[in-house]
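Trainee: Could we go through this structure together? I would like to start with a single residue and then look at other parts.

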Amino acid sequence: MFDVEKITKECVEWVRDFFENNGRDCNAVVGISGGKDSSVAAAVCVEALGRDRVIGVLMPCGEQHDIDMARLLVNHLGIENYTVNIKDAVDGITNSIPFELSRQSTINLPARIRMSTLYAVSQSRNGRVVNTCNLSEDWVGYATRYGDAAGDFSPLSHLTVQEVKAVGRYLGLPEILVEKPPIDGLSGKTDEDNLGFTYAELDRYIRTGEIDDPEKKQKIDKLHKQNLFKLQLMPSFNPNLKTAIE
């Protein structure tokens with residue numbers, strides 16, 4: 001049972017506490033894609049801090065066919081916002097590397113440039129960067145390390161997709177933003193098409209351990225194991241922790 005009122009209020013209070021202890025007069029800086037996660041994360045921050053302390057950054061890479069959804073969100077919340085087109089930065093790096101990037105590098109590069117952009121805005125505007133990942137995507141590694149997986153605080157990372165949607169509805173977001181299918185931005189496929197299972201199936205498996213399709217269970221388990229490193233701190237050598245062997 002998901003008590004959306006209780007969890008939303010606790011999440012809002014958690015964000016307030018974070019800023020009280022990590023930047024009492026700072027702003028929340030959030031990358032706005034127009035999808036459910038950035039929309040809900042921004043809405044939570046507005047509820048916690050007020051719209052005057054939330055800054056949205058829209059970051060198309062050239063033409064973004066659904067940029068109107070991002071504009072709908074910032075207008076709905078009434079937050080200060082900037083549009084930074086990252087295409088020149090992406091092209092500059094791509095053209096400067098003396099070999100053809102792999103497909104995965106091509107996919108991940110814009111996400112990492114977007115995070116660099118968010119930190120540039122944040123440092124210049126007394127900000128803290130919002131991580132917008134949710135539990136479902138993190139569970140199967142559907143995030144770019146040092147890209148959208150980065151940030152200073154994460155209000156949604158322990159909530160599944162279905163729970164994030166419930167919070168969005170509770171906070172009064174337009175239904176089109178809550179239910180907009182996430183796409184990869186390259187092939188035109190949805191996240192669920194790429195993953196091979198639905199978020200509803202994944203969320204049920206995460207919360208109950210139940211899944212009807214053994215092949216999908218195997219795929220989810222494999223992705224989860226392969227991508228656990230994304231959720232861990234960088235391994236570091238510490239000579240002070242070495243134990244002498246007698």
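Trainee: In which helix does Ser 38 lie?
Mentor: Please keep in mind that this is a predicted model. Ser 38 belongs to helix α2, which covers residues 36–49.

Trainee: Is Ser 38 buried or exposed?
Mentor: Ser 38 counts as buried because its relative accessible area is 3%, and the cut-off for buried is under 20%.

Trainee: What does the side chain of Ser 38 reach?
Mentor: It reaches the backbone nitrogen of Ser 33, at 3.2 Å.

Trainee: And which residues does Ser 38 touch?
Mentor: Leaving aside residues up to four places away in sequence, Ser 38 touches Val 30, Gly 31, Ile 32, Ser 33 and Thr 132.

Trainee: Changing topic: how many salt bridges are found in the whole structure?
Mentor: The search finds 16 salt bridges. One of them joins the side chains of Glu 10 and Lys 6, with an N to O distance of 2.8 Å.

Trainee: How far apart are Glu 10 and Lys 6 in helix α1?
Mentor: They are four residues apart in α1 (residues 4–22), so about one helical turn separates them. Glu 10 is partly exposed, at 41% relative accessible area, and Lys 6 is partly exposed at 44%.

Trainee: Which residue does the side chain of Arg 207 meet in a salt bridge?
Mentor: Arg 207 meets Glu 163, at 2.9 Å from N to O. Arg 207 lies in helix α10 (residues 199–208) and Glu 163 in helix α7 (residues 161–170), so this pair ties together parts that are 44 residues apart in sequence.

Trainee: Is Glu 163 buried or exposed?
Mentor: Glu 163 is buried, at 10% relative accessibility, whereas Arg 207 is partly exposed at 44%.

Trainee: What about Glu 179 and Arg 169: at what N to O distance do their side chains meet?
Mentor: Their salt bridge has an N to O distance of 2.3 Å. Glu 179 is in helix α8 (residues 175–179) and Arg 169 is in α7, so the pair ties together parts that are ten residues apart in sequence.

Trainee: Now the second largest pocket: what is its volume?
Mentor: Its volume is about 550 Å³. The lining consists of 25 residues, and those nearest the centre are Asn 131, Ala 149, Lys 230, Leu 231 and Gln 232.

Trainee: Which helix supplies the largest share of that lining?
Mentor: Helix α6 does, with three residues. By class, the lining has twelve nonpolar, nine polar and four charged residues.

Definitions and conventions. Residues numbered from 1 in each chain as written. Predicted model: local features only at pLDDT ≥ 70, side-chain atom pairs only at ≥ 80, totals over all residues. Heavy atoms only, no water. Helix = DSSP H or I, 4+ residues; strand = E, 2+ residues; numbered from the N terminus. Buried < 20%, exposed > 50% of the residue type's maximum accessible area, 1.4 Å probe, protein only. Polar contact = N/O pair within 3.5 Å; in protein donor to acceptor, adjacent residues only side chain to side chain. Contact = heavy atoms within 4.5 Å. 1 Å grid on protein atoms, 1.4 Å probe; cavity = no way out; pocket = protein on both sides within 12 Å on 5 of 7 lines; lining within 4 Å. Points joined across faces, edges and corners; volume = space filled by probe spheres on them. Nonpolar A, V, L, I, M, F, W, Y, C, P; charged D, E, K, R; others polar. Salt bridge = Lys/Arg side-chain N within 4 Å of Asp/Glu carboxyl O.
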